[in-house]
Amino acid sequence: MSTQQGTTRPDPLALVGEDVVDTLLGITPGSALDAVRANRPEARAHAQGTFTALFAPADAAAMPLPERWAVAAFVAALHGPGPATDLYRRGLETVTGEGSDEGLVAAVRGAAADGAAPGPYGRYREPALAAESVPGPVLALAPEARAVLGARLAAALEHAHLLVLHPRDARREHLDALLSAGWDATGVVTLSQLVSFLTFQLRVVHGLAALAEHVDRRTGGAA
Amino acid sequence: MTLDPGSAGLVPPERFTQDTLDWQPWLEPLAEDRLTEEHLDALVQRSRSKNPYFRLLARDPAVLRERTRTDNDIFYNTRRGLPRADRELAATAASRLNGCVYCASVHSAFASHHSKRREDVQRLLDEGVGAPLDPRWDALVGAVVALSATPPRFGTDEVDALVAAGLDELEVLDAIMAGSFFHWANRLMLSLGEPGV
């Protein structure tokens, strides 16, 4: 399914199976949770369709695949450890051909460790909500990290940190920073969709894991 | 460069509201007369081609196409499962916690329309996600709040509370999907443009 031509690297999509949420949760056909999910085939298919459109795009020109997996690995890591975080890290290792302590993989892990904070926080634009503004950390990557990531990806990770943890701090200037780092308007849309979609998908996985535990209890673990 | 500030003459809203707000993009949307069949298919409803938010997202039509269909099923497929009012309440609670005044305005109005409980919905907007509403809505809002934290802290306690409030397992799934979807929506709306009255 990879759109990269002339490469012998394994396809990270091979890690995912037919439905990434089912794969991450170990949902098997005919199980109790599979039956619950089967009531919403459209949402299930198009959530997976979005994942495919982002990670196996027909045209990756606006945002090359290594950038997509690097941002995903970073976003997942900000949401804490778990199977999804492992999957996106392994995807990045696969698409870059790097080991877990090398180059981009290590730089992304370091950036996520530096950026980890409890969200959401941020400052309101709306005057009457000023008293509800909660200050919090803004990620500013160190020069060593920028050297490994490059200007485009460093700007993307700083923007992803904003979107994941303190989206109400977002201002027009943040898009100017991306444009200055080499992103075009279409790339900004794809990057924004990728980060925002993952904040959805990671919560679906988290929420369904809790529902699976509930279902297991009801069925005596025979789910 | 991003679009000129204030070109639409928008005045920022004062606070969370159920009133209809405008939204102005910071990046150039695709022009309405340049939309191809691929873009229109991504929008699903042709009326969305009037909307600058959707025309901006149409810059990546493959992703928008899948997103629109995910959105429509999560909010409009009420064949069994959670009533519209509760899904819209979940969307409003996530938007209130994240601080997306635009998303909250649209979906609080839908929650009021479907529930006929405009004052309760307004209390959620005015006082925030801790405002007591009723046992069912408190369980829903509490579950969405736990799911909305980063890292999320939704667990079996929240599922048990939803079940105790009368939700079956499909309805719990619907609540998880509706609450989670607004993380996607809030971040796009907050970071690609701004609301105004």
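Q: Which elements are included in what covers the buried residues of helix 3 of chain A (helices, H or I of at least four residues, and strands, E of at least two, are DSSP runs numbered from the N terminus)?
A: This is a predicted model, in which local features need pLDDT of at least 70 and side-chain atom pairs count only at pLDDT 80 or more, while totals for chains, interfaces and linings use all residues. Residues are numbered from 1 along each chain as its sequence is written, chains are lettered from A, and ligands are numbered from 1 in the order in which they are written. A residue is buried if 20 or more other C-beta atoms lie within 10 Å of its own, exposed if 12 or fewer, and partly exposed in between, with C-beta atoms placed from the backbone. Counting two residues as in contact if those C-beta atoms lie within 7 Å, the cover includes helix 3 and helix 9 (169–191) of chain B, together with helix 1 (20–25), helix 2, helix 4 (65–78) and helix 9 of chain A.

Q: How far apart are the end C-alpha atoms of helix 3 of chain A?
A: The expected span of a helix is 1.5 Å times one less than its number of residues. For the 15 residues of helix 3 of chain A this gives 21 Å, and the model agrees, with its end C-alpha atoms apart by 21 Å.

Q: Which helix of chain A gives the largest share of the side that touches chain B?
A: Here 60 residues of chain A are in contact with 56 residues of chain B. Elements giving two or more residues to chain A's side include helix 2 (32–37), helix 3 (41–55), helix 7 (143–165) and helix 8 (172–180). The largest share, 22 residues, comes from helix 9.

Q: Which residues touch the most other members of the largest nonpolar core?
A: A nonpolar core is a set of buried Ala, Val, Leu, Ile, Met, Phe, Trp, Tyr and Cys residues joined through C-beta atoms within 7 Å. Of the 128 residues in this one, the most other members are touched by Val71(A) and Phe74(A).

Q: Why does this core lie between domain 1 and domain 2 of chain B?
A: The domain bounds come from an automatic or database domain assignment. The core lies between the two because residues are given to it both by domain 1 (22–75 + 192–196) and by domain 2 (82–186).

Q: Which helix gives the largest share of the side of domain 1 of chain B that touches domain 2 of chain B?
A: The C-alpha centres of these domains lie 25 Å apart. Five residues of domain 1 of chain B are in contact with six of domain 2 of chain B. Three residues, the largest share of domain 1's side, come from helix 3 (residues 61–76) of chain B.

Q: Is Arg80(B) buried or exposed?
A: Arg80(B) sits in the loop between helix 3 and helix 4 (84–98) of chain B, and has a positive phi of about 55° although it is not a glycine. Most residues other than glycine have a negative phi. Since Arg80(B) has 11 C-beta neighbours inside 10 Å, it counts as exposed.
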